[in-house]
Amino acid sequence: MKDNPYKIIFSDMDLTLLYSGTAKISLAGAEAFKRAMQKGIKVCLVSSRHPRGIKEYFSYFGVEDMPYVAYNGALASAENDQWLHNYTIDTAAAQNICQIVMQSQIPGLIMMFAQDRWYTDVSSDPGLLKREIAYIGHAPECVDYRELFAQGIRPNKFYCANVPEHSLQLEKLLLQHSHGLHVSRSSQWSLDIMRQGVNKSVGIAAMLEHFGLDRSEAIAFGDSPNDIEMLQYVGLGVAVDNAMDSVKRVAQEVTLSNDQDGVAFFLRNKLEI
């Protein structure tokens, strides 16, 4: 590796390091990350996923444990599940979100994530839920959200899954009424709702502070609008070619698509990793 100024690599997962329409990882990308770690470069996965949905990929990098950022920055964890921060939505705001989504009558699925647990409400659309289970690989806990709130459980994130048309309708509605929360799009069919001020750059900042690194020493890869703050924050932000135009506009570089192993291609050909 010649004159590489980067000491840590951050990467989104779905549609960046994972192939389209599947939960299969780019093996070339995983191998590139393994080589980077062998050279002393830190690697951190940054995802809208919950911890279990991130940790199941660690073995592809030849490790049992590594740092990660979950829930679009709401939860940041160093090695050994050492949480650097754990930002949650307060109960009143969480109840308000559920009420807005359910009363809107916009078809879809609303899921709730709290630390390492994944929930869906008993009223969820069974068809969309089946699709999510097939993609993630395991089922959520089916509950009545009102009971969770009564127990004092506060979510890190809500996730709303809809067909693209309905997702856009819901996004407009939530942006009008979800004051004090951050609404972000992670794909054409999904919305993430976190505490105000939470995005992937918040998780990255915590990770850099933990490792004593400067943001100029970081590189990041992404594809969706929820990656924009991350790509803008680091020293080098790279979009995969399948990224949305809004993401490509803020990226400093564009590599091949996720289905063409774009992350691996960039690391190998641009940084000689």
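Contact here means heavy atoms within 4.5 Å. Welcome to a set of close-ups of a predicted model, in which local features need pLDDT of at least 70, side-chain atom pairs count only at pLDDT 80 or more, and totals for chains, interfaces and linings use all residues. Residues are numbered from 1 along each chain as its sequence is written, and side-chain values use heavy atoms, with hydrogens and water left out.

View 1. Leaving out residues up to four places away in sequence, I9 touches F33, A36, I41, K42, V43, C44, I219, F221, L267 and I273. A nonpolar core is a set of buried Ala, Val, Leu, Ile, Met, Phe, Trp, Tyr and Cys residues joined through side-chain atoms within 4.5 Å. Buried means under 20% relative accessible area, exposed means over 50%, and partly exposed lies in between (1.4 Å probe, protein chains only). The largest such core has 67 residues, and I9 is among those with the most contacts inside it, together with F10, F33, L45, F61, I219 and L267. Helix α7 (residues 200–211) supplies the largest share of this core, 5 residues. A second, separate core has 25 residues, including A94, I97, C98 and I106.

View 2. Helices (H or I, at least four residues) and strands (E, at least two) are DSSP runs, numbered from the N terminus. Helix α1 covers residues 27–38, and its 12 residues reach 16 Å from the first C-alpha to the last, close to the 16 Å expected at 1.5 Å a residue; the expected span is 1.5 Å times one less than the number of residues. Look for G29, A30, A32, F33 and A36, which are buried. Seen down the axis of α1, its buried residues fall within an arc of 160°, so they line one face of the helix; the arc is that of the directions from the helix axis to the C-beta atoms. The cover over these buried residues includes β1 (8–11), β2 (42–46) and α10 (262–269). On the face turned away from the buried side sit the exposed residues L27 and Q38. Just after α1, G40 takes a positive phi of about 90°.

View 3. How does L27 count at 54% relative accessibility, buried or exposed? L27 counts as exposed because its relative accessibility is 54%. Apart from neighbours within four places in sequence, L27 is in contact with Y19 and Y60.

View 4. Eight strands form an open sheet with mixed pairing, in the order β5-β4-β3-β2-β1-β12-β13-β14; two strands pair if DSSP finds at least two bridges between them. β5 (82–86) and β14 (253–254) stand at the edges with a single partner strand each, so one side of each is left without a neighbour in the sheet. Strands β12 (residues 218–222) and β13 (residues 236–239) run parallel and are joined by 4 bridges, and G222 has A239 in β13 as its bridge partner. Helix α7 packs on the sheet, touching β1, β2, β3 (68–70), β4 (75–78), β5 and β12, and its direction makes about 140° with that of β5. Helix α10 also packs on the sheet, touching β1, β12, β13 and β14, at about 150° to the direction of β12. For these angles, axes are lines fitted to C-alpha atoms, for helices over the stretch in contact, and angles run from 0 to 180 degrees between N-to-C directions.

**View 5. S77 in strand β4.** S77 lies in β4 and counts as buried, at 0% relative accessibility. Beyond its neighbours within four places in sequence, S77 is in contact with P67, Y68, Q82, W83, L84 and M207.

View 6. R185 is found in strand β10 (residues 181–187) and counts as buried at 9% relative accessibility. Its contacts, not counting residues up to four places away in sequence, are S167, L168, E171, S190, L191, S224, P225, N226 and M244. In β10, 7 of its 7 residues are buried. A hairpin joins β10 to β11 through 2 residues; the two strands run antiparallel, with 6 bridges between β10 and β11 (residues 190–195). S187 stands opposite S190 in β11.

View 7. Strand β6 (residues 109–114) pairs with β9 in the antiparallel sense over 5 bridges, and I110 stands opposite C160. β9 and β11 are also antiparallel, over 4 bridges, and L191 in β11 is the bridge partner of C160.
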